[in-house]
Amino acid sequence: MGLGRSLLLAAAASDGLNRFATRSPVIRRATRAFMPGETPEAALEAGRRLVERDGRGLLFTRLGEALTNLHEAAQVRDHYLALLNQLESAGLPGEISVKPTQLGLDQSPARCAELAAELAERAQAAGSTLWLDMEDSSYVDRTLDLYETLKDRYPGTGLALQAYLRRTPADLERLAPLGPVVRLVKGAYAEPSEVAFPKKSDTDRAFREVALRLLELVADGRKGRAPTSRAVLGTHDLLLVGRIQAEVRERGLPTDGFEVHMLYGIRSEQQARLRSEGQAVSTLISYGRDWYRWYVRRLAERPANVWFVVKSTLG
Ligand SMILES: Cc1cc2nc3c(=O)[nH]c(=O)nc-3n(C[C@H](O)[C@H](O)[C@H](O)COP(=O)(O)OP(=O)(O)OC[C@H]3O[C@@H](n4cnc5c(N)ncnc54)[C@H](O)[C@@H]3O)c2cc1C
């Protein structure tokens, strides 16, 4: 891991920097590149503009800090229930993406499952989808258990899997009989090398292999040989997407078998270009007051972004 990335991941964990940044109007302004605003209304408005432009899909996530009690978890559920209502009345095709810890996974896995089920049920009724984000590796077992419980009752429910984790191919095989709905991402947390590949090239190779396995499951589902699966590549790495697309053709897998999901404000022109080429694309829009840790992780993914922040801070 590069020094810039390690320093930024350490900065993400700092409470002092968090307090400073979230109170600074200048830094708050700089976040606008990746986050249209702190309120759901700002996020919905930005989403509406994207849908009007090219009919892409949308996902919404409210950024949140660690919970201290289950009352806060119920408030998170209420927030997303209200958001699903807002999406429905606005006629917007949005899905929601939620961190299990925001629904109380640390405090009570059973209560977390109840709250997640309420969201999955409401999402299903609204023709939307509940996605479970994957957090650091200490949560993977509990998140997979939660996913299996939900998937049984709400088949559209989705789960993020992280290609950098050595265990992910086995986790996908565990889910394969269910017809998994998976967003494959590279992985955003600082993990020890026993758990995750330290080298980016290994993560990229694993991403390609897991993506192709996922596409085999999609193909089996379409042929009626397995339950229906859904494959999402959650990445801005278009070279990698191109390589996967080439291999999909070589292997005779469905070329329209995957969607690409990217974050708001990152590679925006490429998102629009892919969409204009007929690729299914969705943009994940984050909002909320607790943006600090999330934002610094985005900077860590591309330390050159720090210069972008410095420039917008000075300019
Ligand atoms: C829709 C979506 C959902 C996600 N959900 C999760 C999750 O649940 N759990 C999890 O651990 N991680 C999640 N992530 C984050 C993910 O794990 C990666 O950290 C992140 O996507 C960066 O990796 P990359 O695949 O874009 O590839 P990289 O190899 O990091 O980047 C490829 C190229 O994209 C561009 N790029 C990438 N990031 C940035 C950036 N921040 N700013 C500007 N340019 C950039 C750069 O040009 C870079 O060369 C999610 C990402 C997306 C897109």
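1. Leucine 150, in this predicted model, is in contact with Ala113, Ala116, Ala117, Ala120, Leu130, Leu132 and Thr157, once its neighbours within four places in sequence are left aside. Leu150 is also listed, together with Phe60, Leu130 and Ile244, among the residues with the most contacts inside the largest nonpolar core, which has 96 residues. Helix α9, spanning residues 200-222, supplies the largest share of this core, namely nine residues.

2. Histidine 261 lies in strand β7, which covers residues 258-263, and its relative accessible area is 5%. Histidine 261 therefore counts as buried, since that value falls under the 20% limit. The side chain of His261 makes a polar contact, at 3.4 Å, with the side chain of serine 282. Not counting residues up to four places away in sequence, histidine 261 touches Ser282 as well as Leu59, Glu95, Trp131, Arg230, Val232, Leu233, Gly234 and Thr235.

3. Helix α12, formed by residues 292-301, is mostly covered, with nine of its ten residues buried.

4. As regards aromatic rings, the structure holds zero aromatic pairs. A ring does, however, take part in an arrangement with a charged group: the charged end of arginine 205 sits over the ring of phenylalanine 197, at 5.7 Å from the centre of that ring.

Definitions and conventions
Residues numbered from 1 in each chain as written. Predicted model: local features only at pLDDT ≥ 70, side-chain atom pairs only at ≥ 80, totals over all residues. Heavy atoms only, no water. Helix = DSSP H or I, 4+ residues; strand = E, 2+ residues; numbered from the N terminus. Buried < 20%, exposed > 50% of the residue type's maximum accessible area, 1.4 Å probe, protein only. Polar contact = N/O pair within 3.5 Å; in protein donor to acceptor, adjacent residues only side chain to side chain. Contact = heavy atoms within 4.5 Å. Phe/Tyr/Trp six-rings, centres within 6.5 Å; stacked < 30°, edge-to-face > 60°. Lys NZ or Arg CZ within 6 Å of the ring centre and 35° of its normal. Core = buried A, V, L, I, M, F, W, Y, C linked by side-chain atoms within 4.5 Å.
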